[in-house]
Amino acid sequence: MDIEQLREACISLPHVEETFPFDEVTLVFKVGGKMFALTPLDTPEHSVSLKCDPDYALELRDRYESVRSAFHMNKKHWNNIILNGDVPDKLLLELIRHSYDRVVEGLTRKEKEKIKSKSPEV
């Protein structure tokens, strides 16, 4: 997966905001004003940091060489995944959704209702 495919996967999720809150090279994806993915655009080895269930985060780090604890993030809840490493693209897409869902789960009821009210009927 390349950076553009990563971006497309993130912005395809409902109510995602694409921002540069820290600097001009760290792309951050948010839902309900909370980060669920961030990626530096200025590194030769592209990666993404994603929120993760703590037990699952450890399991992924044990299973895949390209999954590490995320630098500058809570190591218990965030993994950094090297793109084009040993994590299959299908799993990476699932992990992006897992991160998004974890963040939505942690939003206030008011924020969740706001997101739900903006969602198209299925």
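His15 sits in the loop between helix 1 and strand 1 (16–19), where helices (H or I, at least four residues) and strands (E, at least two) are DSSP runs, numbered from the N terminus. This residue is not a glycine, yet it has a positive phi of about 60°. With a relative accessible area of 28%, His15 is partly exposed; buried means under 20% relative accessible area, exposed over 50%, and partly exposed in between (1.4 Å probe, protein chains only). The model is a predicted one, in which local features need pLDDT of at least 70 and side-chain atom pairs count only at pLDDT 80 or more, while totals for chains, interfaces and linings use all residues. Residues are numbered from 1 along each chain as its sequence is written, and side-chain values use heavy atoms, with hydrogens and water left out.

His72 is placed in the loop between strand 5 (67–69) and strand 6 (78–82). Its relative accessible area of 68% makes His72 exposed.

Turning to helix 1 (residues 3–11), Arg7 is found there and is partly exposed, at a relative accessible area of 23%. Once neighbours within four places in sequence are set aside, Arg7 is in contact (heavy atoms within 4.5 Å) with Glu18 and Phe29. With Glu18, the side chain of Arg7 makes a polar contact, side chain to side chain, at 2.5 Å. A polar contact is a pair of N or O atoms within 3.5 Å; within protein, one must be able to donate a hydrogen and the other to accept it, and residues adjacent in sequence count only if both atoms are side-chain atoms. Arg7 and Asn79 are 72 residues apart in sequence, and their C-alpha atoms are 17 Å apart in space.

Ser49 belongs to strand 4 (residues 47–51) and is buried, its relative accessible area being 6%. The side chains of Ser49 and Asn80 are joined by a polar contact of 3.0 Å.

The cysteines come next. No disulfide, that is, a pair of cysteine sulfur atoms within 2.5 Å, turns up in a search of the whole structure. The sulfur of Cys10 lies 14 Å from the closest cysteine sulfur, that of Cys52, and this is too far for a bond. Cys10 is buried, with a relative accessible area of 0%, and Cys52 is likewise buried, at 3%.

Finally, there is a helix pair to describe. Two packed helices are described by the angle between their axes and the distance between the axes. For helix 2 (residues 54–63) and helix 3 (residues 89–105), the axes come within 13 Å and cross at roughly 160°. Helix 2 is therefore roughly antiparallel to helix 3. Here axes are lines fitted to C-alpha atoms, for helices over the stretch in contact, and angles run from 0 to 180 degrees between N-to-C directions; those under 35 degrees count as roughly parallel, over 145 as roughly antiparallel, 65 to 115 as roughly perpendicular and the rest as oblique. The crossing of helix 2 and helix 3 is left-handed, meaning that the near helix is turned anticlockwise from the far one by less than a right angle. Pro54, Tyr56 and Leu60 of helix 2 make the contact with Leu91, Leu95, His98 and Arg102 of helix 3.
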